[in-house]
Amino acid sequence: MKYLHKIKGIALRAASLSDALSIWQWRNLDDAYKFYGNAEYVPYEKHIGWFRKALNDEDRYLLIAELEGDPIAHIRFDLEDTSATVSICMAGNAKGKKLSRPSLEVSCDYIMSKGYTEILASIHEMNLASIRLFRSLDFELETSSPPFLNYCLRKHREA
Ligand SMILES: CC(C)(COP(=O)(O)OP(=O)(O)OC[C@H]1O[C@@H](n2cnc3c(N)ncnc32)[C@H](O)[C@@H]1OP(=O)(O)O)[C@@H](O)C(=O)NCCC(=O)NCCS
């Protein structure tokens, strides 16, 4: 397995078509999609069509974080100029185990190493776990477009 990056035992790899079903299942666990911009249940046939396109979209990174070879999270970046908008979804069996922070950290570190200087996250105001997660990694609240709060992490220039 070719890993892109590794921090604190969490390894990052590119997602592939064989991850499509797991990601669809994670997205539907506990109605996780209710906090997304598109807060609707997406049937698998529609998801797989979207996923195929997204995998071939050069303005997107679709990533999987793994712990000891087991997939624990899907992280997506939508790219525009030097900004990357992030979205994360944990696997069912990895939820609530404080694994979201290292998964997001390895992903943000990787994307910044690719030259992106600003990571944006739009988080539903009721999504308390996500708010805690992003704040713990120093994302700052910049604006709000109810019910979403817009957080940002900027890479500071080295002196
Ligand atoms: C949001 C999400 C990534 C967090 O991951 P998680 O595995 O559930 O949470 P973790 O165990 O890593 O804990 C992260 C923080 O949230 C807190 N937390 C966890 N569940 C919580 C809940 N139900 N309510 C409030 N806080 C909660 C934890 O205490 C921790 O904060 P702390 O370190 O300050 O104590 C995960 O729940 C998920 O995939 N949700 C569905 C998709 C989603 O909403 N993604 C975010 C949109 S970008």
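Tutor: Helices (H or I, at least four residues) and strands (E, at least two) are DSSP runs, numbered from the N terminus. Residues are numbered from 1 along each chain as its sequence is written, and side-chain values use heavy atoms, without hydrogens or water. The model is predicted, so local features need pLDDT of at least 70 and side-chain atom pairs count only at pLDDT 80 or more, while totals for chains, interfaces and linings use all residues.

Let us begin with the whole. The protein chain has 4 helices and 8 strands, and along the sequence they follow the pattern β-β-α-α-β-β-β-α-β-α-β-β. The radius of gyration is 15 Å, close to the 15 Å of the globule rule for 159 residues, so the chain is as compact as a globular protein of that length; the radius is taken over C-alpha atoms, and the rule is 2.2 Å times the number of residues to the power 0.38. The C-alpha trace spans about 50 × 40 × 30 Å along its principal axes. Of the 159 residues, 43% are buried (under 20% relative accessible area; exposed is over 50%, partly exposed in between, with a 1.4 Å probe and protein chains only).

Glu66 is buried, its relative accessible area being 5%. Its side chain makes a polar contact with the side chain of Arg13, at 2.5 Å (N or O atoms within 3.5 Å; within protein, one able to donate a hydrogen and the other to accept it, and residues adjacent in sequence counting only if both atoms are side-chain atoms). Apart from neighbours within four places in sequence, Glu66 is in contact (heavy atoms within 4.5 Å) with Tyr3, Gly9, Ile10, Ala11, Arg13, Pro71 and Ile72.

Lys8 sits in the loop between β1 (5-7) and β2 (10-14). Lys8 is exposed, with a relative accessible area of 60%, and has a positive phi of about 50° although it is not a glycine. Glu68 occupies the loop between β3 and β4 (70-80). Glu68, too, is exposed, at 75% relative accessibility, and shows a positive phi of about 50° without being a glycine.

Elsewhere, a further loop, between β7 (140-145) and β8 (148-154), holds Pro147. The peptide bond that joins Pro146 and Pro147 is cis, with omega about 5°.
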